[in-house]
Amino acid sequence: MASPVTTLEQQRSSPAVPVKGVRRRRRPKLTGWAYAAPTALFVLIFFVVPVILVARMSVSDWGLFTGDRGWNAPENYSDVLDDRLLWPAVWFTIKYTVVTTVILLGLALGLAMLVQESSRWTGFLRSSFLVPSALGLASASLLFYALYSPQSSPLGFLGIDSFLGTPSSALWSTVVLIVWRFAGFYMLLLLVGLQSIPGDVYEAARLDGATRAQTFRHITLPLLKPSLALCAILCVTGSLLAFDQFYILTKGGPDNSTITIVQLVYNMAFYGQNNLGRAAALSILILAALLVVNVLQFRGLRGKED
Amino acid sequence: MRRILSAALAGLLLTGMAACGGDDDGGTAAPVAGAGVEGVDDGSELTLWTRAPLELQAKALVEAYNAAHKNQVKLTIVPNDDYVAKVGAAAGSGDLPDLFAADIVYVPNWTKSGLFHDLTESIGQLSYADKINQGHVQAGTFEGKKYVLPFVLDLSVMFWNKKLYKEAGLDPEKGPTTVDEFKQQALAVQKLGRKDVHGTYFGGNCGGCNVFTWFPMVWASGEEVMDPAGTESLLDGPAAQKVYSTWRELQTAGAIAPGSKDETGATWVAAFQEGKIGVMPYPATLLPTASKTVDVGVTAIPGVTAGQGSTFVGGDGIGVSKDSKKTQQAWNFLSWLTSEAAQVEVLAKNNSSVARTDLVDNQYSAKDPRVVTINKAAASPQSKTPVAVNFQQAFNAPGSPWATLLRNQVYGDAAALEKDNEALTAVLAQ
Amino acid sequence: MRTPQHIVGGGLAVLFLSPLVWSAVASVSPQAGTRQTAGWGFGNYQTLANYQAGIGQYLLNSTVVSVLTVLFTLGVSLLGGYAFAMFRFPGRNLLFLVTLAILMVPYATLLIPLYVLLNDLGLQNSLLGLALVLTMFQLPFAVFMMRISFEAVPKELGESALVDGCGSFRALLHIMLPAVRPGLITVGLFAFLAAWNDFITPLVLISDSDKAPLPLAVANMRQQVMGIVDYGATEAGVVTLALPCIVLFLALQRHYVRGFLSGALKG
């Protein structure tokens, strides 16, 4: 999401020639819409309409089994805010997001620097780091579920009693899974950023007698900012919506210590309360919160570029 | 282009919402009881949903039915944890299968929500109606109408490992008759001091497991777990407290296998089957499986004082869905399901418990005295199926108030009982 | 200077690969509570192969869903990316942002409305309906990726095509398409991986065992008995699910790395 802004800005300042070329044609607006129509139809039918239905559920007394039983706003919203698990879930989700984003991006950057040059050896390393990205998140979670289970775990030598038994071990065990699964993907995105930094910039720094640390701090990091920002946005959004990994590994336990917000949505809908109205209300709140977070991240990014 | 899109949007919204309104009343289906006690067998295709852990029994039943009938039942297996989501999605848009099974503790909620067809009249026509397991029938009764019959029975009983008992100097033929004896026997096995062998095990992070295994200990002591309406928790009574303190003492003594604290129920029966556990309350359905690897002793779950013992009459009930258009054909399956042909020649033959009291003694149970013990336990007046509309939310859901209560009682602050029990009542009473 | 870097890199590679290797080894090694209790062998894979409709049916279903999803995603995002990159039309930015907003909704919430919707469209319980929904979930990444791929095409190329009097569609087909091929491969690969591995969408949308894709069957198989997880079958399932993905991933690696590189991701 970082790039559309930049490219939009670029286009505004220097209109791309193809756009001009097309504009010369008879009805460019219609042509543009014609190409965008399939996207628009998909988004409309399979996304906008369901979201509207979710919004309607959120203001209705809507049971999982009973269906719509009429308007009840704003009861669902106030019930959600009164839920005993809401604030612990919000807090845990934020904590998880911060921990994951920091570790994941740090490691991904390290990996990207490690495999920056191309040789047969770094090619092998790149592939090794990337291979976990080929697994589905659910498959990866199942793999680690077996890896952590006392019944089948080969990790006994680590001397860890229980990988999922205490709140902090459950959190860290899940973070390990996520870092394993996603580090390669973010490494790739950062690698792209690294390789776009022109070699002569480094050359100039070297001639100026800059140390490696100085070069990293004053050249690599600033020039890498757009790529880092893109990774951060993807990682933050993904982590705030974390579900599969906790659903498979911890079910929110122990003692409700690892319930994420989306899991709370799932629990409201399908575990016990069976209240779609309430689940929908919380989903709408999440959507709103994420829109705000992403707009802020956009703004922050744009500000830095000006 | 835009106009077309907005028209499409409006149309979709309208139809989408109409279908969500629960406008299906099954009005086109013939009355279930209209076709007599056996229903209709006219070569219709029926759909049946059940959760994955019951696959073995469900498959055997469906295969036997299909072989002997013109109607053909098509079975769909759904992962256990996602069964409610699946049924919920279908129920909301009038798309339920003809027949579907449900964990018996969820049945009161689902009958109240109107997911099942009224079977009162049809059940009344069965000559053996009063012999069908009353726990399940009661759970499936709402406002005087009967909606559900037992599909597969799952009972909880005490299992012990005879080999480990012998080595620990215990009588391998005698299981615990009181909660205290259970504790002593578990401690004795623990004293063997063998690596990987422990006195007992339980699902320390699993509400559903301990509903199944601890409630009978309370019932066997002559007490109740809830009021008859299922809206108030009585799990702070003297017998319940004795049960909690027993498990807490076992935990303190290190006699519960490690891993129990984060056992969410996914693997709570595995350790016993691997011969690593002395004695524990266990699902009776698994006797044949466990017997493959362990020499198992079986008795009813004991209470605080010696007596008849008790069991949790669990498992799944089954009914005809509100959306079925082939109710008379679906009833044909249910009528057959409760007949001797299905109960004895399919269920008993496959070592499952029968759901009719008049069929408890059959040629298959006669072969194994342990099966007789299990069937007797099921018939004990202290064996029950608890009924509460909010059962799932109060007891089974991950992070339920019951899970909090039992974890505090075994691992945490035991003084929190009163507060935890109130939280439980608050959910039940909603 | 170089050696410590080799050691760190090698160590990390081992760390990243070991869970996969372990899973593959564990799936054929003896383990209590699985089909493979003594000796090494493929007992767990036999469980998988003979489960319900048989693994052939599940693999076929998964393949059909994945191929359909890839085709839909490629088609829609190729045209969409072209539109966003090359044309200005009213509602362009709004449509793009709404497409990206798909990423911001918890997908578990959308499934019930989608279920209702597919019923109305007559696509309930069908692999086609499932593929359409999975395509929708792919669009944010796919349209974004294709947009930056088109934007990265040298301007002269598109210009020359149009100046030659080429229609915009012929320009797309004959001149732009080869230029954005790495982007298409990236998009197609990610659509395939997502469709192949998704579990919760088919769980809600598919009711027929004969139409279930492989992840659903693996989930069912994991817990055939209450209170027991068949770890052997789970591991075999993970390996079976992962193998085609890994092979495809490695085979196409050069292309999709180029797909990322070619884009305006450079910021």
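**Before you click.** What you have open is a predicted model, where local features need pLDDT of at least 70, side-chain atom pairs count only at pLDDT 80 or more, and totals for chains, interfaces and linings use all residues. Residues are numbered from 1 along each chain as its sequence is written, while chains are lettered from A and ligands numbered from 1 in the order in which they are written. The model scores ipTM 0.88 and pTM 0.86.

**Stop 1: select chain C.** You'll see 13 helices and 0 strands here. Helices (H or I, at least four residues) and strands (E, at least two) are DSSP runs, numbered from the N terminus. Along its principal axes, the C-alpha trace of chain C spans about 70 × 65 × 30 Å. Of its 267 residues, 58% count as buried, which means 20 or more other C-beta atoms lie within 10 Å of a residue's own, against 12 or fewer for exposed and in between for partly exposed, with C-beta atoms placed from the backbone.

Now look at contacts, meaning pairs of residues whose C-beta atoms, placed from the backbone, lie within 7 Å. In chain C, 78% of the contacts with a separation of 6 or more come from residues 24 or more positions apart.

**Stop 2: color chain C by confidence.** pLDDT is the predictor's confidence in each residue, from 0 to 100. Chain C averages 85, and 92% of the residues score at least 70.

**Stop 3: select residues 231-251 of chain C.** This is helix H12 of chain C, 21 residues reaching 30 Å from first C-alpha to last, close to the 30 Å expected at 1.5 Å a residue. (The expected span is 1.5 Å times one less than the number of residues.) Zoom in on Ala242(C): a kink of about 30° lies there, shortly before the proline Pro244(C). The bend at a residue is the angle between axes fitted to the seven residues ending there and the seven starting there.

**Stop 4: show chains A and C together.** Here 76 residues of chain A are in contact with 78 residues of chain C. Helix H3 (residues 28-58) of chain A gives the most to the chain A side, with 20 residues. That side divides into 54 nonpolar, 21 polar and 1 charged. Ala, Val, Leu, Ile, Met, Phe, Trp, Tyr, Cys and Pro count as nonpolar, Asp, Glu, Lys and Arg as charged, and the others, Gly among them, as polar.

Stop 5: The contact between chains B and A takes 33 residues from chain B and 34 residues from chain A. On the chain B side, the largest share, 6 residues, comes from H1(B).

**Stop 6: select residues 313-320 of chain B.** This is strand E9 of chain B; 8 of its 8 residues are buried, so it is largely enclosed by the rest of the structure. Strand E3 (residues 99-103) of chain B runs antiparallel to E9(B), joined by 5 bridges; two strands pair if DSSP finds at least two bridges between them. Find Asp103(B), whose bridge partner in E9(B) is Asp316(B). Strand E6 (residues 149-161) of chain B also pairs with E9(B) in the antiparallel sense, over 6 bridges. Pro150(B) has Gly317(B) as its bridge partner in E9(B).

Key
Contact = placed C-beta atoms within 7 Å.
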